[in-house]
Amino acid sequence: MDPETFPYEIESSSSPNTSNTRNISRANESSLQPDETILVISYLQNKLGAVFYRLNSSKMELLHEMFEFKEFSVVKIILNKFTPNNLVISSKCDLSLYNLLRKYSRDLNDNTVETNESVNEESIRDSRFDDDQSCDLFYSDNTIQLNCCNYKLHIVSSKFYNYDQCKAKIMTMNFPQISNLSNTTEKYIYLTSNINFFEINTIKALGVMLHFVEKEFCAKNQGYCFPIKSLTDFIYADLDYFVLMDQFSFEALDIFQNEWHPSILKRSSTKKEGFTLFGIFNTCASKVGSYYLKKIFLQPITDFDVLTDRLQLIELFTEQSNFNLTETLFQFLRNLKDTSAAVNRFQSACFQLSDFMLIRQSTLSVISIKNLIKHSSNFTRGNNLKTFKIITEELSPSLNEIAECLDKVINFRKSKETGKIIITKGIDKELDQLKFSFNKLPEILKMALSTEDLVNDLVQENHLQITIVYLPQLGFMLKLLLIETQKIGDLSKYGLELIFCAEDSAYYKNSQTNRFDQIFGDILSEINDRTHQILVLVKDFLLPRMESLRHAVHHCAYLDAILAMAKTALTYDFVRPRLTCSRQFHIESGRHPLYELMTSNFFVPNDYFSDDGPNKAVVVYGMNGSGKTVYLKQVCLIIYMAHIGSFVPAKSAEITLIDKIFTRIKTPESVSTQLSTFKHDLNQMIMAVKYAKQRSLVVADLFGKSTTLYDGIALLKAYMNFWNTGNNRPYLMISTKFKTVCEWAIKHQIKCLSLENFGINLRLFQLKQFDEKLTSHSSSMLAPAATNFFGFSHEKREELLKKLCEKQQIYIKLADMILNNCSPQEVMEFLLTNQEIFNNFN
């Protein structure tokens, strides 16, 4: 695409509430200096991607796509880290994000022109993780503050945030590492080793950055070619506050996993959370609590104080003396609601009964929670916690004003019965008088009908049934059956004037109904109008106090999420981890939180120890199905759970804080990527090699299985050697089924563990050397030993096949005994009887 056709604008509106037409500066009225910095942000579906570039640099810094919520803590950290001179966003950017960025921008009063495309007023909702919970209540979180910002805010047309267009722009660049003769496929394969094309928002931000820099710099500096083509590399930057994890790590560790409807017709819209870590934790009392719990799971952090506060809250909730109080707290939290939709309707004057009921319900819930925490002696120890302090001391007294106003003005019991808003008697004398007259209407109309002479004559002469009714906006009328009026020739002599016919009735007016119209008027409409006027006054009273309610709901939702974590810890016997900065992991009797539930009492706990010395790297060795992957996931999940402030499934755990988690467990296969399974595995390992540091955790499960045997072993050894001898040695966990890898690891003083598979027990023991005696006691050596099967003579192969068949029959009999619930003594007697067959096969 021709860069000259790339339109972009500089935001220059000074009004904080402008939403339709923006005042935008023309492209050629802005300029970039050679030493300026640019930050491009792409935010869509609660995921954020960003790219930073300094004009005199040959490298561009990318940020891994991260989950971001309405408090925009990630955006604040990015701005504090890079302090850019120029900030670029889409013209269809989320309105809350736009307002935040515009608040801290400069140069808002340039020469302006009109633009047809404006920032979209509709906030983009999360469709990837929470289609039915569009909460907008966390924008007021002030745990992360923005430093002094001084940037120009640029708004780029949203059509340039197209993924395919941005990807094509990246592919058009020339890199010194790639030959000019390389075709598009070869260039793409190379770039996938440096850029994660699965991170859609990061790719969009990168493509817009390349467009923006070329157009802006070249347009202002005619005759000078901007050195965008001299870019040598793309590097990923770090954010210290969060633990870096990509989307595939969340899925590989079974933290999140969507289950789609089996019908292809409902697959696009119907999904639910599968059997995942978040699934067993999500026992929140409210939807807003569940939303906050998801935020905690998606954003593991390294802030020691925040994690300690969460752990102390969980410990307080799990104490036996507090069981009754936590149950009461849970009942109060069930009434907690998200008030953002009601507030939006208040601002547009389209409120309804459910909005007032929702606000009242949430307000009473927050007040009850505040009083429970403040006056409960068992919670006294928790008053020093930050969350309890905020709830008991800092929550505004305006919450009581909201509750008192609603209870005083609106009769919620009668309103719920009638389905419409009923104003409490005594609030407005004029409204009370109107209601009194309206309630007396049936009696007045009945009396008036009996005193009307012409009507009485009509009834007596023709034996008709006449009723007088009141219809809103039409007034008072006489109602006759249509079939009876047809028997009468002329009704005008009775003073009746036909107004209309509906269904089986005819409606007439006469002098008396006209007199009622003058006396009472359109009384029901007057009641509704007066009620609406009162509700507008209530709305105007509530709106300035809604910020306090949102702030309170925010902290109570956080409390709900922590309470759910405490209930899970109590249910599944989790313990509090000890967080340290000693660069040491020590997990005693660790368990996998999901597989433990699937295997009932047969799950065998295992330990894990790693430090900054020779134990920093661990190789787990075993045959297929022996439990290597479960053990790797188990350790990784325990470390992850500690970084969200949760208790962990272990007897005890000492966890040091880390900055990144890299996994090579699940292969992100897709036909659209044009990459093989092995290339996907390589890309995951390359990212770990390039960006893993001393405080990072790298977990690789059976790397090399998707290529040839010798290539896989050679690559795995090369990666291990790089990490073992490098300056930035990460915490490393690798599983393998290759015997030569374990031999190499032991030779280079890398800790090597093997899974002892005997009967139904799977325990780890450390390997110090591979000898005949050691291998004879572990059936996990069977598969690696069989790799040399075809190197034997014909007679030897026949002998080995015979022994394999004998051993297979023994395993079948052993399985039958276990399934038939034989006693442990019988099983052990059977194993001892056949021990010679196990020992003879090598």
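## Contacts and basis

Contact means heavy atoms within 4.5 Å. This is a predicted model, in which local features need pLDDT of at least 70, side-chain atom pairs count only at pLDDT 80 or more, and totals for chains, interfaces and linings use all residues. Residues are numbered from 1 along each chain as its sequence is written, and side-chain values use heavy atoms, with hydrogens and water left out.

## Nonpolar cores

A nonpolar core is a set of buried Ala, Val, Leu, Ile, Met, Phe, Trp, Tyr and Cys residues joined through side-chain atoms within 4.5 Å. Buried means under 20% relative accessible area (1.4 Å probe, protein chains only). The largest core holds 165 residues; Ile255, Phe297, Phe356 and Tyr640 touch the most other members. Helix α21 (residues 546-571) gives the most to this core, 15 residues. Another core, of 62 residues, lies apart from it and includes Leu62, Met685, Tyr691 and Ile734.

Leaving aside residues up to four places away in sequence, Phe297 touches Phe250, Ile255, Phe256, Leu277, Phe278, Phe281, Tyr640 and Ile644.

## Helices α10 and α21

Helices are DSSP runs (H or I, at least four residues), numbered from the N terminus. Helix α10 (residues 323-333) packs on α21 at about 135 degrees, with axes 11 Å apart. Axes are lines fitted to C-alpha atoms over the stretch in contact, and angles run from 0 to 180 degrees between N-to-C directions. The two helices are therefore oblique to each other: not under 35 degrees (roughly parallel), over 145 (roughly antiparallel) or 65 to 115 (roughly perpendicular).

Phe323, Thr326, Leu329, Phe330 and Leu333 of α10 meet Cys556, Leu559, Asp560, Leu563, Lys567 and Leu570 of α21.

Conventions
Buried < 20%, exposed > 50% of the residue type's maximum accessible area, 1.4 Å probe, protein only.
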